[in-house]
Amino acid sequence: MAPAFGQDTPEGGAEPFADAAWADVLQGVERTYADLVDYQERLERQNTELEALRGFLASVLGAVSDVLLVTGREDRVSEANASFRALTGREAVTGLEVAGLFDEPARLAAALAEARALRRASRIEIAILTPAGPAPLDLSISPLLDERGRATGAVLSGRPLGELRQAYAALAESHRALKEAQGQLVRNEKLASLGRLLAGVAHELNNPISFVYANAHALERYAGKFETYFTRVQEGAAREELVRLREELRLDREMRNLREAIRGARDGAERVRDIVEDLRRLSADGSGEMVAFDLAETARVATSWVSRGAKHPVAIEVGGLARVMARGRPGHVQQVVMNLVQNAVDALAGRAAPRIEVTLSRAGGFAEVTVSDNGPGVPEGSEAAVFDPFYTTKPVGAGTGLGLSISAKIAEEHGGALRLMPSDQGAAFRLSLPEAGE
């Protein structure tokens with residue numbers, strides 16, 4: 001009779017071997033069970049993450065305002081977002097051919113085939129069918145690629161062109177309003193500059209007009225004397241009487257004075273003409289085409305007008321090149337130079353021996369004008385803020401803080417720049433504009 005399993009045999013040693021085998025089996029079962037439990041836990045975690053991801057994707061699809069469709073290999077709809085359903089009035093679209101949802105199915109099918117073949121996104125303008133009729137979309141088609149780079153479907157996203165065109169129209173209107181506001185700021189700053197110059201303008205016009213007026217009175221007096229003399233000549237007066245009358249009326253001297261009066265009246269009238277011409281150039285809108293102009297002449301006119309309107313005497317010297325051709329709008333550039341010179345004049349109020357230097361030069365294809373003074377200069381730490389809107393070191397009510405900001409913007413629009421330059425004393429600003437040929 002054979003011995004039972006696990007019992008000692010005559011040879012001995014069988015029972016310990018069986019116990020060790022059972023222990024190995026039980027350990028293997030425990031490991032397998034532990035692996036199964038761990039796998040189950042990981043699977044549950046992955047399922048939870050997958051559900052969360054599905055929920056997230058569903059919320060994204062629901063929140064996207066653009067029409068969004070996802071197709072499979074056969075160009076049938078597998079996913080559609082709420083915007084698509086709201087636009088088309090369709091709820092059940094899964095499994096439908098995507099081309100049949102548009103007014104040009106053949107064109108959409110060709111675009112899908114091209115996107116899959118080229119493995120890159122494309123855009124077309126096409127209308128989607130809605131209860132109210134075809135609605136044009138700006139449609140983007142992007143292929144879905146698997147790990148081997150093969151196209152397994154496509155994602156179609158489109159924005160109604162009506163909304164897009166409205167957005168573009170609103171953007172264009174905002175841009176137009178911004179340009180109008182900027183132009184208004186430029187005009188307001190120019191009017192403020194002109195207001196500061198009214199006293200100087202009145203004085204400049206009064207002098208030559210008074211000169212013309214005085215010479216006109218002199219001419220009237222001379223005319224009366226000559227009329228008296230020639231009346232007697234026509235009446236046939238004797239030579240002796242005419243000689244005596246000529247001496248009494250001092251006609252020889254008055255003839256010389258007549259020429260001086262005519263010359264003086266002409267000079268005064270020309271001076272008035274020049275002042276009016278300067279005013280016309282100064283008040284020019286400056287919004288026309290870019291033209292070639294002499295920056296040196298523009299700087300001289302601007303400096304002259306600021307000097308005329310200065311409330312306190314300031315020595316202003318214009319030096320450097322006598323002629324520097326630049327390209328831009330002379331009216332705007334003249335305003336910038338006036339603003340720089342006026343700021344220097346204001347900074348020098350109450351200082352001994354005030355001096356301003358306006359220097360014309362050219363460098364690196366740019367025409368340049370530098371305005372420097374021997375005033376207090378820009379406060380330390382404020383160098384980066386001087387071109388910020390509404391920044392000013394003047395007392396409240398004495399300045400808007402827009403002059404340098406607008407000037408810098410004008411320089412930028414001209415393709416140039418307005419910079420604060422290093423200076424041993426006072427402040428120095430340099431305006432650079434593209435140079436132009438003669």
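Mentor: Happy to! Axes here are lines fitted to C-alpha atoms, for helices over the stretch in contact, and angles run from 0 to 180 degrees between N-to-C directions. Contact means heavy atoms within 4.5 Å. Helices (H or I, at least four residues) and strands (E, at least two) are DSSP runs, numbered from the N terminus.

Keep in mind that this is a predicted model, in which local features need pLDDT of at least 70 and side-chain atom pairs count only at pLDDT 80 or more, while totals for chains, interfaces and linings use all residues. Residues are numbered from 1 along each chain as its sequence is written, and side-chain values use heavy atoms, leaving out hydrogens and water.

Now to the sheet. It is open and mixed, built from five strands in the order β7-β9-β10-β12-β11; two strands count as paired if DSSP finds at least two bridges between them. The edge positions belong to β7 (315-320) and β11 (417-421), each with a single partner strand, so one side of each has no neighbour in the sheet. From one strand to the next, the twist averages 20°.

Inside the sheet, β9 and β10 run antiparallel and are joined by eight bridges. If you want a pair to click on, Ile356 has Asp373 of β10 as its bridge partner.

Next, look at what covers these strands. Helix α8 lies across β7, β9, β10 and β12, and runs at about 170° to β9.

That brings us to the side chains. A nonpolar core is a set of buried Ala, Val, Leu, Ile, Met, Phe, Trp, Tyr and Cys residues joined through side-chain atoms within 4.5 Å, with buried meaning under 20% relative accessible area (1.4 Å probe, protein chains only). The largest such core has 35 residues, and Leu295, Ile356, Val358, Leu360, Val369, Leu418 and Leu431 have the most contacts inside it. At least two of its residues come from each of α8 (295-309), α9 (330-347), β9 (355-363), β10 (366-373), α10 (403-413) and β12 (428-434). The biggest contributor is α9, which supplies eight.

Setting aside neighbours within four places in sequence, Val369 touches Leu295, Ala299, Val337, Val358, Thr359, Leu360, Phe429, Arg430 and Leu431. Apart from this core lies another, of 23 residues, including Val67, Phe102, Leu108 and Ile128.

Terms used
Buried means under 20% relative accessible area, exposed over 50%, partly exposed in between (1.4 Å probe, protein chains only).
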